[in-house]
Amino acid sequence: MRLLGDADLDGANAALREANRKFASAEDRLDSPFGIAAAAVPVVAQHREAALTLGEEAADLTMLVSDLLDDLGPDSLAFADSRVDLDTVAEFDVALEEIQLSLDRLDSELDRVSSPWLVSPLQLRLDDLGEEIAEQRARADTATDVVTQLPALLGADETRTYLLMFTTPAEARGLGGFTGNWAEIVVDDGRVTLSAFGRSDDLDAAAPAGSRTISGPTDWLQRYGEFGFTTGPGGTVGSIPFKNVTMSPLMSSTGQVIAELYSQSGGGAVDGVFASDVYVLADLLAFTGPVEVAGTDIRVDSESATEFLLNTQYQITDTDQRIDLIEDISRTVVDRLLGGARLEPSDLLRSLGPRAEQGRLAGWA
């Protein structure tokens with residue numbers, strides 16, 4: 001169960017198979033003549049009942065999850081050929097419901113066999129198991145929520161548009177850094193395409209000062225409005241909002257502001273906004289391969305990307321050339337990701353999960 005939570009799918013499957021074999025072996029012994037005779041012995045009988053009951057439920061659960069990993073492993077949700085298969089997502093929904101029901105049964109049986117007759121070491125192990133089951137049920141609930149929402153997020157019912165902002169902590173902002181580049185992503189029935197790409201300067205220059213307004217959130221405007229969002233004529237937006245829009249560390253409110261600004265800066269309405277920094281970009285280079293910038297001897301890979309993006313790039317004194325380089329790298333990574341790269345969910349979780357926890361990858365919808 002822990003290996004599964006760590007996205008070590010092969011290790012989890014092997015462990016589940018081995019656990020299932022051991023549970024089956026224990027069940028055979030407990031149902032042997034000696035095991036059946038033990039049912040007539042006080043105290044021993046309670047231990048046999050606990051082991052037999054939990055063994056049967058655990059055997060069913062381990063076999064169920066192992067079979068699902070064989071038939072419908074998470075990597076069957078891989079992003080390949082610019083698309084996620086929404087039919088497979090629906091199958092996952094059913095599979096997760098089966099797992100939840102099995103966990104519920106195991107938890108119920110655990111409550112039923114708990115007894116003051118059980119020796120302390122066993123009861124302590126059962127208490128630990130109860131905590132583990134609770135944790136796995138919470139994970140299953142989260143996974144079910146994700147799988148339930150995923151079809152809509154991936155354009156099952158209608159086309160969805162998302163804005164991806166590339167930030168860099170080379171210049172500090174509350175959300176991690178200022179915005180350099182952006183990409184507009186369109187998702188229709190699971191297929192993902194790049195519809196637009198540009199610089200934050202382009203968005204800033206797309207509308208004159210005083211022509212844009214932000215409706216909220218109110219607390220965001222009260223705290224950050226002075227940084228160019230309520231300082232224009234009549235409380236309108238100033239001339240360079242996209243340079244400072246990441247002032248707040250909260251994506252839950254900043255996403256709304258970015259969406260409103262984008263629709264008034266040459267873009268259309270978006271269903272969600274994501275922000276990712278240079279560390280996320282470096283991680284993605286591990287999937288896309290290194291980028292060699294045309295016309296230069298610069299080669300950026302997953303090992304060198306953060307150092308280049310945070311430090312080395314500033315040795316280039318020509319500002320326009322430096323900005324062009326960053327745009328080339330970001331654009332190439334996005335093009336490769338959407339142009340046929342196969343991305344396994346388990347690999348992405350291991351790589352990007354920690355970045356989300358650190359706030360380097362954040363989203364709003």
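Me: In this predicted model, rings of Phe, Tyr and Trp pair if their centres lie within 6.5 Å. How many aromatic pairs does a search of the whole structure find?
Reply: The cut-off on ring centres is 6.5 Å. Searching the whole structure with it gives a count of 5 aromatic pairs.

Me: Are the planes of Phe166 and Phe197 stacked, tilted or edge-to-face?
Reply: The ring centres are 6.3 Å apart. Stacked needs under 30 degrees, and edge-to-face needs over 60. The planes of Phe166 and Phe197 stand at 45°, so the pair is tilted.

Me: Which strands hold Phe166 and Phe197?
Reply: Both residues are buried. The pair ties together parts that are 31 residues apart in sequence, because Phe166 and Phe197 lie in separate strands: E1 (residues 160-168) and E3 (residues 191-199).

Me: What kind of pair do Trp220 and Phe229 make?
Reply: Their ring centres are 5.0 Å apart. Trp220 is buried at 1% relative accessibility, and Phe229 is buried at 1% as well. The planes meet at 75°, so the pair is edge-to-face.

Me: Which residue forms one aromatic cluster with Trp220 and Phe229?
Reply: Trp220 and Phe229 already pair with each other. The cluster also takes in Tyr224.

Me: How far apart are the end C-alpha atoms of helix H13?
Reply: H13 has 20 residues, 319-338. At 1.5 Å a residue, the helix should span 28 Å. The computed distance agrees with that: 29 Å.

Me: Is Ser108 buried, partly exposed or exposed?
Reply: Ser108 lies in helix H5 (residues 86-113). Buried means under 20%, and exposed means over 50%. Ser108 has a relative accessible area of 47%, so the residue is partly exposed.

Conventions:
Residues are numbered from 1 along each chain as its sequence is written. This is a predicted model: local features need pLDDT of at least 70, side-chain atom pairs count only at pLDDT 80 or more; totals for chains, interfaces and linings use all residues. Side-chain values use heavy atoms; hydrogens and water are left out. Helices (H or I, at least four residues) and strands (E, at least two) are DSSP runs, numbered from the N terminus. The expected span of a helix is 1.5 Å times one less than its number of residues. Buried means under 20% relative accessible area, exposed over 50%, partly exposed in between (1.4 Å probe, protein chains only). Rings of Phe, Tyr and Trp (its six-membered ring) pair if their centres lie within 6.5 Å; planes under 30 degrees apart count as stacked, over 60 as edge-to-face and the rest as tilted.
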